[in-house]
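I opened this entry to look up helix packing and aromatic rings. Notes follow in the order I took them.

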Amino acid sequence: MVSGRQRGEGDTPYDPVDSASEKSDAVIVPRRPENSRVTPEEPEEERTKAKGKPAQRNASRTQGRQDALTHLERVGERAKRTKDERFNNLLSFVKVPLLEEAYRRLHKRAAPGVDGETWEQYGQDLEARLADLQDRVHRGSYHPQPVRRAYIEKADGRKRPLGIPAVEDKILQGAVRMLLEPIYENGAFLGYSYGFRPGRSQHDALDALYAALGRKTNWVLEADIRSFYDTIDHGWMQRFIEHRIGDRRLVKLLMKWLKAGVMEDGELHVVKEGAPQGAGISPLLANIYLHYVLDLWVRSWRNRHAQGEVYFVRYADDFVMGFQYEQDARAMRAALAERLSTFGLELHPDKTRVLRFGRFARRDSVKDGRERPETFNFLGLTHISAEGQDGRFRLVRRTSRKKRTAKLRSLRDEIRRRRHEPVEEQYRWLSSVVRGHYNYYGVPGNFQSLSVFRQQVRRMWHAALQRRSQRADWTSEQHTKFETKFPLPRARITHPHPLSRFTLP
């Protein structure tokens with residue numbers, strides 16, 4: 001999260017638009033404004049150790065893999081010391097030990113790509129296959145296979161396309177991601193970016209937003225980039241990568257993955273823009289793209305134009321901005337649309353809006369002809385301007401109705417499919433689903449929504465079990481008896497108060 005007041009015009013971070021005509025290979029590092037303010041735990045360019053659990057890592061099984069991870073740590077240290085350096089000859093680090101580490105980190109039961117090969121099948125002759133992959137990568141003869149197109153249902157009922165790479169491509173992408181992450185984590189990415197970064201989670205972003213909304217936020221810009229992953233411009237993507245990566249072979253490899261194509265229903269589709277969701281390298285590339293298109297620009301805009309406080313929290317392509325003054329919020333809305341269009345992106349007109357929110361929202365909502373303030377959603381939670389018993393502003397967060405409805409819809413279908421399985425197995429499965437729901441949505445103040453979710457799951461499950469026979473509906477006594485024997489986990493808050501994990505100066 002970032003905030004700040006108006007700065008001098010001479011304090012100008014790097015802007016890719018301003019230097020679009022320059023052909024120099026030199027890296028331009030954004031200057032940090034002297035009085036720029038972010039949280040002490042997450043400064044813009046030099047993050048200290050993140051709170052919470054670190055990114056999961058499988059233990060190294062060989063000395064070679066240990067050496068590979070040590071090399072990555074050294075790359076990260078170098079990136080931290082020399083933030084204006086372009087890294088060359090990085091592909092030389094992509095060798096069997098690093099490839100093996102990437103293989104071990106893959107999900108063993110992940111869906112196969114177009115070749116149908118599974119994780120287990122690839123590992124049957126692992127050492128020889130990784131050696132062959134290493135050789136092809138360094139000779140330049142490696143060519144990725146097209147990604148297999150699959151779809152998952154979104155909360156609004158539409159389908160989200162996913163691109164599933166082949167196992168070999170997943171391995172190499174994982175190795176390259178491990179190689180590039182230390183460079184960008186230590187020498188590029190800013191503190192208000194949270195999505196798909198080591199040691200950062202959705203709840204870190206939610207905590208940051210909670211802290212921002214409790215400060216001088218009176219207006220919120222809720223923004224949505226239309227089909228972000230499908231509209232990433234490959235030309236700009238390559239230029240952004242080359243600002244930090246000087247190894248042309250590695251840049252060429254990254255672009256190969258973006259242009260590999262999509263296989264759907266046996267037909268190959270050529271891809272001229274976008275990055276496949278589901279590919280291991282795509283989240284990092286998306287963060288690189290938005291780092292230059294959005295993060296650095298927001299900081300520059302705030303320094304040059306904002307009259308009051310500006311707060312910014314981004315999780316991947318999902319982001320929210322808080323403003324002290326309405327004129328800043330509306331000026332940002334217009335400037336943001338123009339900025340994104342320069343890089344082939346577009347704000348969704350129906351999902352992008354400026355709304356009154358914060359300390360005075362309930363008092364002033366009548367000015368907008370509303371009985372109560374508007375709400376907005378971020379990362380599955382609806383954020384509500386409320387008042388405590390003392391009449392002061394209180395931020396309330398509830399499970400998004402859209403998310404809860406979609407989850408219950410999918411659960412209903414799965415419960416029906418499983419209803420003839422042994423009751424004990426159904427109970428274990430449903431208990432794990434309910435606990436998982438609590439683990440994410442169990443934020444302070446959301447207990448009632450969790451209880452409602454549990455009741456609805458319980459009702460659907462009981463109804464499905466009664467349909468297993470021609471008997472009449474259960475009596476209340478039968479319901480009570482069954483609930484006593486197979487009680488779903490009770491609703492509980494699983495997260496501490498946001499300000500106990502995240503503090504502002």
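I started with the cut-off: buried means under 20% relative accessible area. I kept in mind that this is a predicted model.

I looked up F482. Its relative accessibility is 13%, so F482 counts as buried. I then checked F486, which is buried with a relative accessible area of 9%.

**Aromatic pairs.** I found 21 aromatic pairs in the structure. I picked out Y192 and F312. Their ring centres lie 5.0 Å apart, with 55 degrees between the planes, and the pair is tilted. Y192 sits in the loop between α5 and α6, and F312 in strand β8. The two are 120 residues apart, so I noted a link between distant parts of the chain. Y192 and F312 are both buried. I went back to F482 and F486 as a pair. Their planes stand at 45 degrees and their centres are 5.1 Å apart, so this pair is tilted.

**Aromatic cluster.** I listed one cluster made of F228, Y229, W236, F240, Y289, Y292 and F343.

**Helix packing.** I turned to α2 (residues 96-105) and α5 (residues 167-187). Their axes come within 8 Å and cross at roughly 110 degrees. That angle makes α2 roughly perpendicular to α5. The crossing is right-handed. Which residues make the contact? From α2 I wrote down L98, L99, E101, A102, Y103 and R105. From α5 I wrote down I171, L172, G174, A175 and M178. I sorted the contact residues of α2 with α5 into eight nonpolar, one polar and two charged.

Methods: Residues are numbered from 1 along each chain as its sequence is written. This is a predicted model: local features need pLDDT of at least 70, side-chain atom pairs count only at pLDDT 80 or more; totals for chains, interfaces and linings use all residues. Side-chain values use heavy atoms; hydrogens and water are left out. Axes are lines fitted to C-alpha atoms, for helices over the stretch in contact, and angles run from 0 to 180 degrees between N-to-C directions. Helices (H or I, at least four residues) and strands (E, at least two) are DSSP runs, numbered from the N terminus. Angles under 35 degrees count as roughly parallel, over 145 as roughly antiparallel, 65 to 115 as roughly perpendicular and the rest as oblique. A crossing is left-handed if the near helix is turned anticlockwise from the far one by less than a right angle, and right-handed if clockwise. Contact means heavy atoms within 4.5 Å. Ala, Val, Leu, Ile, Met, Phe, Trp, Tyr, Cys and Pro count as nonpolar, Asp, Glu, Lys and Arg as charged, and the others, Gly among them, as polar. Rings of Phe, Tyr and Trp (its six-membered ring) pair if their centres lie within 6.5 Å; planes under 30 degrees apart count as stacked, over 60 as edge-to-face and the rest as tilted. Buried means under 20% relative accessible area, exposed over 50%, partly exposed in between (1.4 Å probe, protein chains only).
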